[in-house]
Amino acid sequence: MGLFLSKLLPVLVFPLNLTCILCLVSAILAWKRKFRLVAGTAMAAFLVLFLSASPVVTHVLLRGLERHYPEPESYPKAAAIVLIGGAMVPKLPPRRHPEINAFGDRLLQAARLWRMHQAQWLVTTGGKIPFFQDYEGNEATSYAVLLTELFDVPKDSILKVEAGQNTYGEAVAAVRLFESRGLSKDILLVTSALHMPRAARIYRKQGFIVHPAPTDYHTDTGGSFRFFDLIPNEFALAETAYALHEYLGLAVYKMMGRI
């Protein structure tokens, strides 16, 4: 129940759902003929949707996360490359193979570091959440399949953290894996740049020496302002939700003592 609520409650305050809630409240108030309140809630719904779908607002929110971890020019050798879950689409019909989602650059970065011989082990992480999507296997296994199939990473060089249904749970399970194998907890941590502020702190809290290997940047610093940046769009709305998810996660994990 705790996991279910932790996944459900944040979603209710994300822009799209919050807008839907405000629209529903406006409809109820209109039915009750409380038109001044209708105007207020309707305007609130408009502002939430407009600002959340604004590329300018989205850029500010994402840069606030990604600026902390620019990609380094080189990486040190480490005991293992740890690939954080969240980038896989499971092998469910009509798919005959696992696929990657919008965060799939994580897989590419891990494969790149492996090809650079930065570590002896490549650790894939990620369980599954059955009430979201149930399928055979888990995300760590799906990662391993693609790393072997597409990038020739030997199966016996991949260690899997198959427990854990969020980043914290994966980090706790990774501790058990490293200790059982007698491995140094010196790692190259691979995840999206917007997720790295939270992920790096979680793993360090668990006693890992973390060398961030960020990827999957959603913003850039070399572009110039364009007129269309003022026009809301559905892509910016989704990106704002990703950013808010991380800010909320940072706040909650800080209160819980996980970072």
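Analyst: **Helix packing**

The crossing of α2 and α3 is left-handed; that label applies when the near helix is turned anticlockwise from the far one by less than a right angle, and clockwise gives right-handed. This is a predicted model: local features need pLDDT of at least 70, side-chain atom pairs count only at pLDDT 80 or more, and totals for chains, interfaces and linings use all residues. Residues are numbered from 1 along each chain as its sequence is written, and side-chain values use heavy atoms, with hydrogens and water left out.

Helix α2 spans residues 15-31 and α3 spans 35-52. Helices are DSSP runs (H or I, at least four residues) and strands are E runs of at least two, numbered from the N terminus. The two axes come within 8 Å and cross at roughly 165 degrees. That makes α2 roughly antiparallel to α3. The cut-offs are under 35 degrees for roughly parallel, over 145 for roughly antiparallel, 65 to 115 for roughly perpendicular, and oblique for the rest. Axes are lines fitted to C-alpha atoms over the stretch in contact, with angles from 0 to 180 degrees between N-to-C directions.

Residues of α2 in the contact include L18, L22, V25 and L29. On α3, F35, V38, A45 and L49 are among them. Contact means heavy atoms within 4.5 Å. By class, this contact has 15 nonpolar, four polar and no charged residues.

**Buried strand positions**

V190 lies in strand β6, residues 186-192. V190 is buried, at 0% relative accessible area. Buried means under 20%, exposed over 50%, and partly exposed in between, with a 1.4 Å probe and protein chains only. Beyond four places in sequence, V190 touches residues including V82, L83, I84, R106 and L113. Its C-alpha atom is 9.5 Å from that of G85, 105 residues apart along the chain.

T125 belongs to strand β4, residues 119-125. T125 is also buried, at 0%. V82, L83 and I84 figure in its contacts too. The side chain of T125 makes a 3.1 Å polar contact with that of E170. Such a contact is a pair of N or O atoms within 3.5 Å; within protein, one must be able to donate a hydrogen and the other to accept it, and residues adjacent in sequence count only if both atoms are side-chain atoms. A polar side-chain atom of T125 also lies 3.0 Å from the backbone oxygen of L83.

T125 is in contact with Y203 as well. Y203 is one of the buried residues of α8. In that helix, residues 196-205, seven of 10 residues are buried. Just after α8, G207 takes a positive phi of about 95 degrees.

Definitions and conventions:
Nonpolar A, V, L, I, M, F, W, Y, C, P; charged D, E, K, R; others polar.
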